[in-house]
Amino acid sequence: RILMKVAILKGAGVIAPFVMEGYTNAFRENNHTVLGMDISNGYIDINKLREFNPEFVLAYGYNGFCKSKSGFALREMQIPLVSLHYDCPYFALNDEKLAEIRNFPEFYYDFIWDDTFLQMFKEEGVSNSAHILLATEQKSFYPIDQNRGSVDASVCFVGGIDVQQEKPKLGVDIADKFIDDVIELKLGNIGVPVLDICSQLFDVKEYNNIGQLFKTKSQLFWDKLYYAIHKWGSIAVRKYILDSLEGVAVNIYGGGKGWEKQNAFFRQNVKYGPELSR
């Protein structure tokens, strides 16, 4: 078995730090040499990275794209970058990054959880892209040891559902109506990917201009419209699913502002790490 030297970047966030910590532990447990780098302050120590000289760098999202005076630092150092995308990979993808990935495919490897986005990446000409599964670190995620016979049937949900927060508005009537229509259609067709719903609406005369925006100025679409759909739609879908659960106690950790549900018990937030499994 080939042993490797791997540099793993651990940035800021709610979930990302725990994900990258899990990868760090996994590589070390398999006897690979790992340089863990905390970049939560937005800074990558290039000199330290150069001295370590890893086979590749592993990063969450686009955290590994470090600009240099003439391009991107890792590629100039001849170090491949492996990027993990568990969310929408288009939120932080711009023309400069996409051109870099296309022009130097031997240095960029993108692993994407969502099948729709993965297919789009392949169509964009990102050759080294593949599917990745969600995973957990078994020793960190485990239930409380208790007598199951004494536990009442219940459902636990962890996540924010603040229905009192202001719904995102772009201030353009047709764009705001598009956002509302996409979310409404999603709630009525829960198994259909959001982007498929957007594509269907692009063909409606009322939304032809938004479809054209997606084709000609895609980054504007992702950053403004799709992000608003993602932000408010996440709350709407979570609430819709939990509202459909009857006849069982529903314990909701981290949500409930402005929301009442007869069989729901609203609890305090828990951190994503070991607290979540307990």
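A salt bridge is a side-chain nitrogen of Lys or Arg within 4 Å of a carboxyl oxygen of Asp or Glu. In this predicted model, K186 is buried yet has no such bridge.

**K186: a buried lysine**
- K186 sits in helix α6, which covers residues 173-188.
- D114 is the nearest side chain of opposite charge, and it is 8.6 Å away.
- The side chain of K186 reaches backbone oxygens instead: that of I190 at 2.9 Å and that of V192 at 2.8 Å.
- Beyond its neighbours within four places in sequence, K186 is in contact with V192, P193, V194, I197 and V237.

**G64: a loop glycine**
- G64 belongs to the loop between β3 (56-60) and α3 (73-76).
- Is G64 buried or exposed? Buried means under 20% relative accessible area. G64 has 3% relative accessibility, so G64 counts as buried.
- Setting aside residues up to four places away in sequence, G64 touches L9, A59, L74 and L81.
- G64 and F157 are 93 residues apart in sequence, and their C-alpha atoms are 32 Å apart in space.

**Helices α8 and α9**
- Helix α8 spans residues 208-216, and helix α9 spans residues 218-243.
- The two helices pack at an angle of about 115 degrees, and their axes are 5 Å apart.
- From α8, the residues I210, L213, F214 and T216 take part in the contact.
- They meet S218, L220, F221, W222 and L225 of α9.
- What kinds of residues make up this contact of α8 with α9? There are 7 nonpolar and 2 polar residues, and no charged ones.

Conventions: Residues are numbered from 1 along each chain as its sequence is written. This is a predicted model: local features need pLDDT of at least 70, side-chain atom pairs count only at pLDDT 80 or more; totals for chains, interfaces and linings use all residues. Side-chain values use heavy atoms; hydrogens and water are left out. Helices (H or I, at least four residues) and strands (E, at least two) are DSSP runs, numbered from the N terminus. Buried means under 20% relative accessible area, exposed over 50%, partly exposed in between (1.4 Å probe, protein chains only). Lys and Arg count as positive and Asp and Glu as negative; His and the chain ends are not counted. A polar contact is a pair of N or O atoms within 3.5 Å; within protein, one must be able to donate a hydrogen and the other to accept it, and residues adjacent in sequence count only if both atoms are side-chain atoms. Contact means heavy atoms within 4.5 Å. Axes are lines fitted to C-alpha atoms, for helices over the stretch in contact, and angles run from 0 to 180 degrees between N-to-C directions. Ala, Val, Leu, Ile, Met, Phe, Trp, Tyr, Cys and Pro count as nonpolar, Asp, Glu, Lys and Arg as charged, and the others, Gly among them, as polar.
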